[in-house]
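Subject: Structure handover

Hello,

Here is the structure I said I would pass on. My notes come after it.

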Number of protein chains: 2
Amino acid sequence: MNSPKPVLIHSVKEMQTICRNLSQTIGFVPTMGYLHEGHLSLVKAAKDKAEIVIVSIYVNPTQFSPNEDLSSYPRDPDRDIQLLSELDVDYIFFPSNEEMYPAGFKTWVAVEEITQILCGKSRSTHFKGVTTIVAKLMNIIDPDFMLLGEKDFQQLKVLQQMGKDLNFSTEIIGCPLIREKDGLAMSSRNKYLSPQERKDALCLHNSLLLAQKLFSEGMTASSKIIAAMRDLIVQNKGRIDYIEVIDTDSLESLDELRSGCRIVLAVYIGKTRLIDNVMIKYYQ
Amino acid sequence: MNSPKPVLIHSVKEMQTICRNLSQTIGFVPTMGYLHEGHLSLVKAAKDKAEIVIVSIYVNPTQFSPNEDLSSYPRDPDRDIQLLSELDVDYIFFPSNEEMYPAGFKTWVAVEEITQILCGKSRSTHFKGVTTIVAKLMNIIDPDFMLLGEKDFQQLKVLQQMGKDLNFSTEIIGCPLIREKDGLAMSSRNKYLSPQERKDALCLHNSLLLAQKLFSEGMTASSKIIAAMRDLIVQNKGRIDYIEVIDTDSLESLDELRSGCRIVLAVYIGKTRLIDNVMIKYYQ
């Protein structure tokens, strides 16, 4: 008789023992819960890649700074479990802080250079928390595939760098960003937006569409395109953290746009910090 | 037909693929080569614990400071392979620097607090190099057991802390320090000693024997026992880096010796830095 799915696991040791005894391939999606269509697209991709799908739900305190939104981060585990049940997920790993960071914890995994730019400038300890928790999760679950969204593009690149440098055997796969119908990138933090802010927040995607349009019309200077994006965002009451044109592999800033580069940005709408990005392409 | 053993593997990818496809238990001994009886005792312990034994030989550059002995560190791979062959080791992992630290490498694993004391005071980046390379080796080999000598007692504790904090599934086992017949702790660095220094170097072990003797006679104040050890070492031309009485679990300094505590020390004999330690016991 099969257990009802998904099986909910709270204990690190139990999750690790289950995973070490599985003979099937494992696809893993790490999340902080409050799931939306972006997360669910990763689960679907995991099901396509692997025989067993495991989703973790854990709001990792070490990737929040003291002045950030850890305590108010949205949570709805019952709804999350229901959504994952509908997708026939095999296991949900749902550990406590005491399980993940027991007393006396002192080990950190850190990636240099590419964690100090873009989101790392305003969130100086964020990526160290991300790389540490994901290293732990990969050691617990030992997945064949880990699926991450391209919405957090820098996070994806940082984790791929960590996976390569530390010789994790897991293949770390980036999946496309998922948008609401009107273009807003899906994010658990969209919940923070008031109705007016929800409208204003469209300026992130609209500024990226503008950049693609200007590039398609022949403009290539990053400074000019970023200036046009700034105008659009500021007109919509957005407060810019950064807008950068970057090389997709190195994350280095580019003075000139080229096909395949990416524009990444972080913008405050009211008190809510939102991120978005697009890959710039030549269109025929 | 079985391949001749041990099989020598230079490529990370090949080693990882082999290990991921083994169904037997794996015992792993990481070394920097130039093997002595201390290393070989770890290999024998690995054979007792596991079905397959893998030994790595890699002089890890990131655990040496610029002013240390990386380039002169003793090497004799042919003899190492012969010794491991006699012990029926299954695989020797013998990677190049380019395999282990390819261009663009940027990820580090670091343990806080217990890496900043004892050997970490004079070798500030040493343990970061050790934890990073061992995390890599554990991800490549995915051993059930990793065997380490208690001669590098702080290193053993640091790696056990890392293994626990990052949820490595490997059991990290400490094995007894092995001594020459006259009591000198075996070390690849003993090769650096001149004949006179080789005699002087006995002061490390003799000072530890003295400490045990004083404790057995009823002396418990760490300050008094360390003072007696200092006198003995200085009389033998040793230059003391540190002598500490520590708690075996926390590595914290103790003001009073107690049964089960450990005395650890680092002493320069000429230009060669040697370490040693003993566990202090009540004897009936």
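Predicted model: local features only at pLDDT ≥ 70, side-chain atom pairs only at ≥ 80, totals over all residues.

Chain contact

Between chain B and chain A, about 2500 Å² of area is buried, and carbon and sulfur atoms give 45% of that. The contact involves 28 residues of chain B and 28 residues of chain A. Across it, the count is 2 salt bridges. Asp142(B) pairs with Arg20(A) in a salt bridge, where the closest N and O atoms are 2.8 Å apart.

Salt bridges

Over all chains, the structure holds 28 salt bridges. Within chain A, Lys5(A) forms a salt bridge with Asp88(A), and the closest N and O atoms there are 3.6 Å apart.

Helix packing in chain B

Helix α6 (residues 126–141) of chain B packs against helix α7 (residues 153–165) of chain B at an angle of about 55°, the axes being 10 Å apart. That angle makes α6(B) oblique to α7(B). The crossing of the two is right-handed. On the α6(B) side the contact is made by His126(B), Phe127(B), Val130(B), Thr131(B), Val134(B), Ala135(B) and Met138(B). On the α7(B) side, Gln154(B), Gln155(B), Val158(B), Leu159(B) and Met162(B) take part. Sorted by class, the contact of α6(B) with α7(B) has 8 nonpolar and 4 polar residues, and no charged ones.

α6(B) also packs with helix α1 (residues 12–21) of chain B, at an angle of about 50° and with the axes 7 Å apart. These two helices, α1(B) and α6(B), are therefore oblique to each other. From α1(B), the contact is made by Val12(B), Met15(B), Gln16(B), Cys19(B) and Arg20(B). From α6(B), the residues are Asn139(B), Ile140(B) and Ile141(B). By class, the contact of α1(B) with α6(B) has 5 nonpolar, 2 polar and 1 charged residues.

Regards

How values were computed
Residues numbered from 1 in each chain as written. Chains lettered and ligands numbered in written order. Heavy atoms only, no water. Axes fitted to C-alpha atoms, helices over the stretch in contact; angles between N-to-C directions. Helix = DSSP H or I, 4+ residues; strand = E, 2+ residues; numbered from the N terminus. Parallel < 35°, antiparallel > 145°, perpendicular 65-115°, else oblique. Left-handed = near helix turned anticlockwise from the far one by under 90°. Contact = heavy atoms within 4.5 Å. Nonpolar A, V, L, I, M, F, W, Y, C, P; charged D, E, K, R; others polar. Buried area = accessible area lost by both parts, 1.4 Å probe. Salt bridge = Lys/Arg side-chain N within 4 Å of Asp/Glu carboxyl O.
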